[in-house]
Amino acid sequence: MIQNTSTHCVPEPSTGLVGDASRAPRPRTGPLAGVKVADFCWMGVGAVATRLLADFGADVIKIENRKRLDMPRRLPIYKGEVRSYGAEDPNPDPNKGGLFNNYSRNKLGVTVDMADPRGRELVIDLIEHCGIVTENFAPGVMERWNLTYPELREIRDDVIFARMSGYGHTGPQAHYRSYGPVVQAVSGLSFNSGLPGREPSGWGLSYMDNQAAYYNSAGLLLAIYQRMVTGQGTEVDVSAIEAGVGLLGSDLLDTVVNDRPSRRPDFPRGNRLEHPHAAPHGVYPTAGDDQWIAIAAFGDDDWTTLRSVMGDPAWASDPRFASSADRVAHQDELDAAMSAWTVHHDKHDLMTLLQGAGIAAGAVQDSRDLAEHDPQIAARGTFFELDHPVIGPALFEGFPGQFGTSKPDHWRSAPLLGEDNDFVFGELLGRDPDTLAQLSAEGVI
């Protein structure tokens, strides 16, 4: 496993590829082979969207600036070093960031200074070459660069311009800044999360970065398909907050149609189920520290089966648990009795036992369970490994589905900073080696 010893904030500009020939750009395979993207995306919400395209064969060319590193490059999370936002390495190796490695696998990477006219010229040529432009900057960045949709159409008439932001680029709040937890709050998700009678709990991480990314990738694919059919480009403007609103589902409908508030004494219901009525239905403690299992029993048949699996304990004959309606009405008492039983069992053994009897049950798994122990995840090949010149081998999560006629084209880990400058600016855009050497020496690339 390769260990990193660099202490430089930013490496010296280089136009050379790393020595590993397996990392050299090659023709891509997959259903999106031939699609080319000039990718300004950074952080997660945009980078994950374009990663999905890159996974299936698109040539996604990530455009970076050595003077302002993408935040995931500053957050090493592998090889025993874990940092969080606010605890960034003040002297980071930009090729060490494990989060960046996850977000930008299968992509090409170039560095360019847009403030230099020569750098802007390279980017204009790259946009013309690719025909698809993606970005998720703060509001106003692309406008300051004069790279709005009308201006991009002057470069290439059939251009696709995909914009990914918190609020969208129209409306009175389009200029507001956002972040994952902000998106979750404004969209209504935080208010609807938690346990009954408790304050809103929100979500622990910026999960809306990923959720909005999936909408972004879907919008991109729709635009690509439209251009294939009509020859016309378009502008795609995805709002992460609107993506969050779409996750409210039946609760939003309940509020609009029935005028019931989103927070009331019995709602949110935590791990309990309101429609249809089900009990026991929740997450229960199991043997070990902070170990849990989710169990969902519907109707009297499930309850009878569950009683049999438990050995028909005396408490299960309590009149309070006689019918489905009785069990729902006395869920606190039922959950306490269930917990007293589950806590003596291993969560995975209990899941196997209950599933074998036909009861919906699942161990509450942590990341180690998923990556190292789950037999279903292993059989499906959900995780795969790629090597990296600095980080070393690392596991990645794959696409949550399988195709009979094609598979993802995982050809390398994330690009080193400026790794593909020679290939992109030289072989693709036609700049000669002397020109590239000069641009590199002067910090333009």
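Let's start with Phe403, which is partly exposed, with a relative accessible area of 45%. Please keep in mind that this is a predicted model, so everything I show you today is computed from it. Phe399 is partly exposed too, with a relative accessible area of 33%. How do the rings of Phe399 and Phe403 sit against each other? Across the structure there are 11 aromatic pairs. In the one formed by Phe399 and Phe403, the ring centres are 5.7 Å apart and the planes meet at 35°, so this pair counts as tilted.

While we're on rings, have a look at Phe40, Trp42, Phe137 and Trp145, which ring pairs link into a cluster. Arg73 lies over the face of Phe100, 3.8 Å from the ring centre. In a second case, the charged end of Arg263 sits over the ring of Phe191, at 5.6 Å from the centre of that ring.

Let me zoom out for a moment. The protein chain has 445 residues, and buried residues make up 45% of them. Its secondary structure comes to 17 helices and 11 strands. The C-alpha trace spans about 85 × 50 × 45 Å along its principal axes. If you take the contacts between residues at least 6 apart in sequence, 69% of them join residues at least 24 apart.

Now, on to a helix I'd like you to find: α13, residues 347–356. Which of its residues are buried? They are Lys347, Leu350 and Leu354. These three cover an arc of only 60° around the axis, which puts them on the same side of α13. Here is the background for that: an α-helix has 3.6 residues a turn, so residues three or four places apart point the same way.

What covers the buried residues of α13? The cover includes two strands, β8 (292–296) and β9 (360–363). It also includes the helices α10 (299–309), α12 (331–342) and α14 (367–373).

At the start of α13, a side-chain oxygen of Asp346 comes to within 3.0 Å of the backbone nitrogen of His348. After the helix comes Gly358, with a positive phi near 95°.

From the helices in that cover, let's pick α12, where we find Gln331. Is Gln331 buried or exposed? It counts as buried, because its relative accessibility is 4%. And what does it touch? Setting aside neighbours within four places in sequence, Gln331 is in contact with Arg269, Arg272, Ala278 and Ala279.

My last stop is strand β7, residues 281–285. Four of its five residues are buried, so the rest of the structure largely encloses this strand. Its partner is β8, and the two run antiparallel, joined by five bridges. To see the pairing on your screen, find Pro285, which stands opposite Trp292 in β8. Together β7 and β8 form a hairpin, with six residues between them. In the turn you'll find Gly288, with a positive phi of about 105°.

Methods:
Residues are numbered from 1 along each chain as its sequence is written. This is a predicted model: local features need pLDDT of at least 70, side-chain atom pairs count only at pLDDT 80 or more; totals for chains, interfaces and linings use all residues. Side-chain values use heavy atoms; hydrogens and water are left out. Buried means under 20% relative accessible area, exposed over 50%, partly exposed in between (1.4 Å probe, protein chains only). The arc is that of the directions from the helix axis to the C-beta atoms. Contact means heavy atoms within 4.5 Å. A polar contact is a pair of N or O atoms within 3.5 Å; within protein, one must be able to donate a hydrogen and the other to accept it, and residues adjacent in sequence count only if both atoms are side-chain atoms. Two strands pair if DSSP finds at least two bridges between them. Rings of Phe, Tyr and Trp (its six-membered ring) pair if their centres lie within 6.5 Å; planes under 30 degrees apart count as stacked, over 60 as edge-to-face and the rest as tilted. A charge sits over a ring if NZ of Lys or CZ of Arg is within 6 Å of the ring centre and within 35 degrees of the ring normal.
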